Amino acid sequence: MGAGTEPAEPQCDSLEGRIYLDYNATTPLAPEVAQAVWDAMCQAWGNPSSSHPAGSKAKELIGSARQSLAKMLGGRPEDIIFTSGGTEANNMVIHTACRHFHNSRKTGDSRGIPHIVTSSVEHDSIRLPLEQLGKEGLAEATFVPVSPRSGQAEVDDVLAAIQPNTCLVSLMLANNETGVIMPVAELSQRVCALNRRRAAQGLPRILVHTDAAQMIGKGCVDVQELGVDYLTIVGHKFHGPRIGALYIRSPGTATPLHPMLFGGGQERSFRPGTENTPMIAGLGQAAELVNKNWEAYEAHMRDVRDYLEATLEASFGKQRIRFNSHFKGSKRLCNTCNFSILGPGLQGRRVLAHCKVLLASVGAACHSEKGDRPSPVLLSCGISPEVAQNALRLSVGRGTTRAEVDRAVQDLLQAVEQLEQDQAS
Ligand SMILES: Cc1ncc(COP(=O)(O)O)c(C=O)c1O
């Protein structure tokens, strides 16, 4: 393609007649985002650090993307740092918390190693770095189990896990498998009150982080309401490019931020490396779409998801469908339906393998190689292993229609019929 040629409009949600209901795994670029990426590639290719016009154009685009992200979160542009994705943002928070712990130690203080509290249902980009630090003896972590009653990590349980050496609490805003929304705002308030008492005792401040990967574009995300110190943003979950960002409340002043990389000073040296201008421009455009339309997106996805759940019950019968993320009193993402079709031999993976048009998953995309083992997230929500192994996660998108839902449920019906016939013969 020559400069100025328009990119083909992405058609990823209709893959040769298949029905994509896996929007929690990833989303296709919105056409406006693809256009913004392309425009930036063609017109803002200069090095943003260069002091001539080619550089200024790129710098301007990055500045405006930063503003769009800040607006989306109710924060300030200077509180946004661009990263390669959510994994890097989450790792950066953990790295920062450990450094903060050591820096806040007084001389002669033998408080040991940093302690981090998180939940048992976090994404691997929180769980695995913490397990690694634990193995190396560099930090310890408590993984607070979610309550089988609410599907949430309860605030009281998180607070009860706090120790004198705790330096970070990290709780995701919404779970990627069940869609359950966690009580982050209440947690931040309680930790803030606790921090005042800890300061008087000379204990390290507890930083608060939330991974908002699944919530952005599907509900209101406001850093002032949430009261968090850090918030993770993942572009490819809201029709943006595969980069991310980290919100930090006043990085380097009110809130510590320690770089993991050292280099050319970009992103105020918090995250050096020549900026990926086209992807950043695309992320800014994706944020603008959310700013303008999130309420309409949410209403549409909720309507289609509720229709999906009603159609599943009507088609299979109430007795055969178990919804795995209906917890009384807990809010959940507008687009996520995690359910099991009850019966022997109907493991989620087998059912999906017999589907002809439906593209969905049995849980987190990064666990897709784990065979028929039931999802640890569902098990920790108190779902029995027999039910959990039959689980399917269908997540609808901005453009999913009721007609697609009808076809997807028909497909599930024929897959189950096929499996039952095979078993009977
Ligand atoms: C809740 C959550 N956090 C973090 C990530 C990781 O983001 P990335 O793939 O951009 O590194 C994901 C993506 O799957 C996610 O669902």
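Begin by selecting the open sheet, whose 7 strands run in the order β2-β8-β7-β6-β5-β3-β4 with mixed pairing; keep in mind throughout that this is a predicted model. At the edges stand β2 (80-83) and β4 (140-144), and because each has a single partner strand, one side of each is left without a neighbour in the sheet. If you look along the sheet, you will find that neighbouring strands are turned against each other by 20° on average, direction ignored.

Move on to helix α6, residues 184-200, whose 17 residues reach 25 Å from the first C-alpha to the last, close to the 24 Å expected at 1.5 Å a residue. Which residues of α6 are buried? Colour Val184, Leu187, Ser188, Val191, Leu194, Asn195 and Arg198 to show them; they cover an arc of only 135° around the axis, and therefore lie on the same side of α6. An α-helix has 3.6 residues a turn, so residues three or four places apart point the same way. The buried residues of α6 pack against α5 (155-160), β5, β6 and α7 (223-226), whereas the face turned away from this buried side carries the exposed residues Gln189, Arg196, Arg197 and Ala200. Just after α6, select Gly202, which takes a positive phi of about 75°.

His239, in the loop between β7 (230-234) and β8, has a phi near 65°, and it counts as buried because its relative accessibility is 10%, under the 20% limit. Arg268, which you will find in the loop between β8 and α8, has a positive phi of about 50°, and at 42% relative accessibility it counts as partly exposed.

Finish with helices α8 (residues 277-316) and α12 (residues 402-424), whose axes come within 10 Å and cross at roughly 35° in a right-handed crossing. To display the contact, select on α8 Asp303, Val304, Tyr307, Leu308, Thr311, Leu312, Ser315 and Phe316, and on α12 Arg402, Val405, Asp406, Val409, Leu412, Leu413 and Val416.

Definitions and conventions:
Residues numbered from 1 in each chain as written. Predicted model: local features only at pLDDT ≥ 70, side-chain atom pairs only at ≥ 80, totals over all residues. Heavy atoms only, no water. Pairing = 2+ DSSP bridges. Helix = DSSP H or I, 4+ residues; strand = E, 2+ residues; numbered from the N terminus. Axes fitted to C-alpha atoms, helices over the stretch in contact; angles between N-to-C directions. Expected span 1.5 Å × (residues − 1). Buried < 20%, exposed > 50% of the residue type's maximum accessible area, 1.4 Å probe, protein only. Arc of directions from axis to C-beta. Contact = heavy atoms within 4.5 Å. Left-handed = near helix turned anticlockwise from the far one by under 90°.
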